[in-house]
Amino acid sequence: MVIVVLVIILAFLSGAFLSANNIISTLLSTVMTAIVSVGMTVALVSGGFDLSVGSVMSMSGVVAGSLALDGVNIWLAALIGLAASVLSGLITGLFIGKVKINPFIMTLGMQGVVQGVAYVVTQGAPLSVANASNSFLYLGQGNLLGIPVLIWILAIIVLVSDYLMRRAVVARKVYYIGSNESAAYLSGIRVAKTKVWIYIFTAILAGIAGVLTLSRFSVAAPTAGMGMELQAIAACIIGGASLSGGEGTVLGALLGSVLVGIVNDALVLLNVSVYWQSLVTGFVLIAAVTLDVMTHRKKIS
């Protein structure tokens, strides 16, 4: 409902808002946030979150890009980039699940480590892979049936993830853990093992977003995922996930991502300074979290 009202308002404020080109552009701008938000939703449902997703996204693209520039086949380089993401997710999951380190501390620390890897590999400078194979660049720049391939990829990820979250047994375990971790443990759910898989899943999706970003812009930048973690958390909370755990859906995260994308698009169309755009996004996040806290308190009372 909020999206519909916002679209109507923006249609009156800017005639270009409902143009086909702007709609496609807005959807394209939300693809990476939406993909990362799918993984973040699972982490939030379990009662945790992952602050390292933006850095993991940067690292996967940088690893793939640097290997491609060294002569490695771009597809193999992309797989190695994804493998690096899986490794970071595995380490994060093991420390949170087995060692029981707080997700905030662990993912914040991993954020620094992974971001550091991206800076070391690139020495801070973007890497161009414009000469990569056309088949790889088609992922981020091509069209299928008149619709960008990136949007098709997002649709597949969302549909598969939503189905798994609704039907798969492991998804029920995630909801149980987020609702009451102690009760889930006493019910026989292997909480630590499930948490390891949760953070691997979150890292894989962040890695996919990094590789797709490399394909879309033909550039591997160490700052490609900067701020992505906050946008993903905001999208998930707006879409109905709770910071308290136990609540959240993949489709909700998608709608939240679209709303964040519309807000960003509106700021551009209305010629709002780029310096103010960050401020507005921050306020949207605060408003979303505040609404979540108030709703949670109301349920408890």
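Visitor: Which residue has the side chain that meets that of E181 in a salt bridge?
Guide: In this predicted model, local features need pLDDT of at least 70, side-chain atom pairs count only at pLDDT 80 or more, and totals for chains, interfaces and linings use all residues. Residues are numbered from 1 along each chain as its sequence is written, and side-chain values use heavy atoms, with hydrogens and water left out. A salt bridge requires a side-chain nitrogen of Lys or Arg within 4 Å of a carboxyl oxygen of Asp or Glu. At 3.0 Å, N to O, the partner of E181 is K195.

Visitor: How many residues apart in sequence are the parts that E181 and K195 tie together?
Guide: Helices (DSSP runs of H or I, at least four residues) and strands (runs of E, at least two) are numbered from the N terminus. E181 belongs to helix α9 (residues 181–186) and K195 to helix α10, so the pair joins parts whose separation in residues is 14.

Visitor: Is K195 buried or exposed?
Guide: Relative accessible area (1.4 Å probe, protein chains only) under 20% means buried, over 50% exposed, and in between partly exposed. E181 has 35% relative accessibility and therefore counts as partly exposed. K195 has a relative accessible area of 13%, so this residue is buried.

Visitor: Which residue meets D162 in a salt bridge?
Guide: The structure holds two salt bridges. In the one that involves D162, the side chains come to 2.9 Å, N to O, and the partner is R166.

Visitor: In which helix do D162 and R166 both lie?
Guide: D162 is buried at 11% relative accessibility, whereas R166 is exposed, with a relative accessible area of 51%. The two residues are four residues apart, about one turn of the helix, and that helix is α7.

Visitor: How far apart are the end C-alpha atoms of helix α7?
Guide: The buried residues of α7 include V149, I153, I157, D162 and M165. The expected span of a helix is 1.5 Å times one less than its number of residues. For the 19 residues of α7 (residues 149–167) this gives 27 Å, and the model agrees, because its end C-alpha atoms are apart by 27 Å.

Visitor: How many aromatic pairs does the structure hold?
Guide: Rings of Phe, Tyr and Trp (its six-membered ring) pair if their centres lie within 6.5 Å; planes under 30 degrees apart count as stacked, over 60 as edge-to-face and the rest as tilted. By this criterion, the number of aromatic pairs in the structure is two.

Visitor: What kind of pair do F49 and F104 form?
Guide: F49 lies in the loop between α2 (20–45) and α3 (53–69) and F104 in helix α5 (residues 103–122), so that the pair links distant parts of the chain, 55 residues apart. F104 is partly exposed, at 39% relative accessibility. The ring centres of F49 and F104 are 6.4 Å apart and the planes stand at 70°, so the pair is edge-to-face.

Visitor: At what angle are the planes of the W75 and F136 rings?
Guide: The centres of these rings are 5.5 Å apart, and the pair is edge-to-face because the angle between the planes of W75 and F136 is 85°.

Visitor: How many residues apart are W75 and F136?
Guide: W75 is partly exposed, with a relative accessible area of 38%, whereas F136 is buried at 0% relative accessibility. W75 sits in helix α4 (residues 74–97) and F136 in helix α6 (residues 134–141), and the pair links distant parts of the chain, with a separation in residues of 61.
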